[in-house]
Amino acid sequence: MIDQAANSTAYLGIGSNLGDRLATMRAAVLALHTHPSIQLEPNACAASLYESTPVGVASEQRVYYNSTIRVATTLAPYQLLDAVLAIENALGRVRREPMGSRTIDLDLLLYDDLVINDETLTVPHPRMHLRRFVLEPLAEIAGSAVHPTCGATIAELAGRTAGQEFESIHRVMDARWVTSGIARPGQGESPPFAPMPGCCEEVR
Ligand code: ADP
Ligand code: MG
């Protein structure tokens, strides 16, 4: 459904390190897609899928899958946060400890060029400019966007963190991670949206 009033652009971080990581992340994208006030661009909503080692955690944790998604929305920032937290809950997210393992994590990274800092919501996400696992995928779909408090582009921030040794990430799948497995040609259901040809090069 095309919503004429969809005039804000938001970028979401998406990650998982529990259970069937890819299936849960795809389910989250599908839930975003079916939300009446959230639109995923048909052609270029998602970055590639990355695998990353856990950062800043005390306990032993499984490696994460991470990516980023662009959405258009008529929801105000707090409503969008509520929507993504509801999707996390619906997909079985349980918060046992800060920075703990999670079936799904949806973070609001950027919302237009808004800066919000209160008890419930911090935008831009307070740690996004320090994290390779956010910046590398985000640079694929928002490289020229300017981080409103750092004053640098996402591509520049990604360059600054590229060499940090405490974080190991690698790209495991192109942007089709979003649709492959959701779309089953010949089995009745057409893909809800398809990645743009240019963003689907094979991982070398
Ligand atoms: P994190 O993703 O930082 O590890 P959680 O996913 O457990 O932490 O989120 C904890 C809380 O952070 C959420 O309940 C939410 O209210 C709050 N929060 C504040 N700003 C944001 C944001 N930009 N994106 C997502 N959650 C946020
Ligand atoms: Mg989160």
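Biologist: In what sense do β3 and β4 pair, and over how many bridges?

Modeller: In this predicted model, Glu51 has Tyr65 as its bridge partner in β4. The pairing of β3 with β4 runs in the antiparallel sense, and the number of bridges is three.

Biologist: Which residue in β8 stands opposite Glu51?

Modeller: Besides its pairing with β4, β3 is joined to β8 by four bridges, and these two strands run antiparallel. Within β8, the residue that stands opposite Glu51 is His170.

Biologist: Is Ser67 buried or exposed, and how many other C-beta atoms lie within 10 Å?

Modeller: Ser67 is a residue of strand β4, which spans residues 64–73. Leaving aside neighbours within four places in sequence, its contacts include Ile14, Ala46, Tyr50, Pro137 and Trp177. A residue is buried if 20 or more other C-beta atoms lie within 10 Å of its own, and Ser67 is therefore buried, the number being 29.

Biologist: How far apart in space are Ser67 and Gly13, C-alpha to C-alpha?

Modeller: The two residues are separated by 54 residues in sequence. For the protein as a whole, residues 24 or more positions apart account for 71% of the contacts with a separation of 6 or more. For Ser67 and Gly13, the C-alpha to C-alpha distance in space is 6.1 Å.

Biologist: Which residue stands opposite Leu108 of β5, and how do β1 and β5 run?

Modeller: β5 is largely enclosed by the rest of the structure, because seven of its seven residues are buried. Strands β1 and β5 are joined by six bridges and run antiparallel. Opposite Leu108 stands Leu12.

Biologist: Which element gives the most residues to the shell around ligand 1?

Modeller: The shell around ligand 1 consists of Leu81, Leu85, Arg95, Met99, Asp105, Asp107, Leu108, Thr120, Leu121, Thr122, Val123 and His125. The elements that contribute two or more residues are α2 (77–90), β5 (105–111) and β7 (122–123). With three residues, the element that gives the most is β5.

Biologist: How many residues of the shell around ligand 1 are nonpolar, polar and charged?

Modeller: Among the residues surrounding ligand 1 are leucines such as Leu81 and Leu85, and also Arg95, Asp105 and Asp107. Sorted by class, the shell has three charged, three polar and six nonpolar residues.

Biologist: Why is α3 said to be largely enclosed by the rest of the structure?

Modeller: The buried residues of α3 include Arg132, Glu136 and Glu140 as well as Phe133, Val134 and Ile141. What covers the buried residues includes β1 (8–16), β3 (49–52), β4, β5, α4 and β8 (169–173). Helix α3 is largely enclosed because the number of its 11 residues that are buried is 11.

Biologist: At what angle do α3 and α4 pack, and how far apart are their axes?

Modeller: Helix α3 (residues 132–142) passes α4 (residues 154–161) in a left-handed crossing. The contact is made by Arg132, Leu135, Glu136, Leu138, Ala139 and Ala142 of α3 together with Ile154, Ala155, Leu157, Ala158 and Thr161 of α4, and by class it has eight nonpolar, two charged and one polar residues. The helices pack at an angle of about 145°, and their axes are apart by 8 Å.

Biologist: What is the distance in space between Leu138 and Ile154, C-alpha to C-alpha?

Modeller: Leu138, found in helix α3, counts as buried because it has 28 C-beta neighbours inside 10 Å. Not counting residues up to four places away in sequence, it touches Tyr11, Ala47, Thr68, Leu109 and Ile154. Leu138 and Ile154 are 16 residues apart in sequence, and their C-alpha to C-alpha distance is 7.1 Å.

Notes. Residues are numbered from 1 along each chain as its sequence is written. Chains are lettered from A and ligands numbered from 1 in the order in which they are written. This is a predicted model: local features need pLDDT of at least 70, side-chain atom pairs count only at pLDDT 80 or more; totals for chains, interfaces and linings use all residues. A residue is near a molecule or strand if its C-beta atom, placed from the backbone, lies within 6 Å of it. Ala, Val, Leu, Ile, Met, Phe, Trp, Tyr, Cys and Pro count as nonpolar, Asp, Glu, Lys and Arg as charged, and the others, Gly among them, as polar. Axes are lines fitted to C-alpha atoms, for helices over the stretch in contact, and angles run from 0 to 180 degrees between N-to-C directions. A crossing is left-handed if the near helix is turned anticlockwise from the far one by less than a right angle, and right-handed if clockwise. Two residues are in contact if their C-beta atoms, placed from the backbone, lie within 7 Å. A residue is buried if 20 or more other C-beta atoms lie within 10 Å of its own, exposed if 12 or fewer, and partly exposed in between; C-beta atoms are placed from the backbone. Two strands pair if DSSP finds at least two bridges between them.
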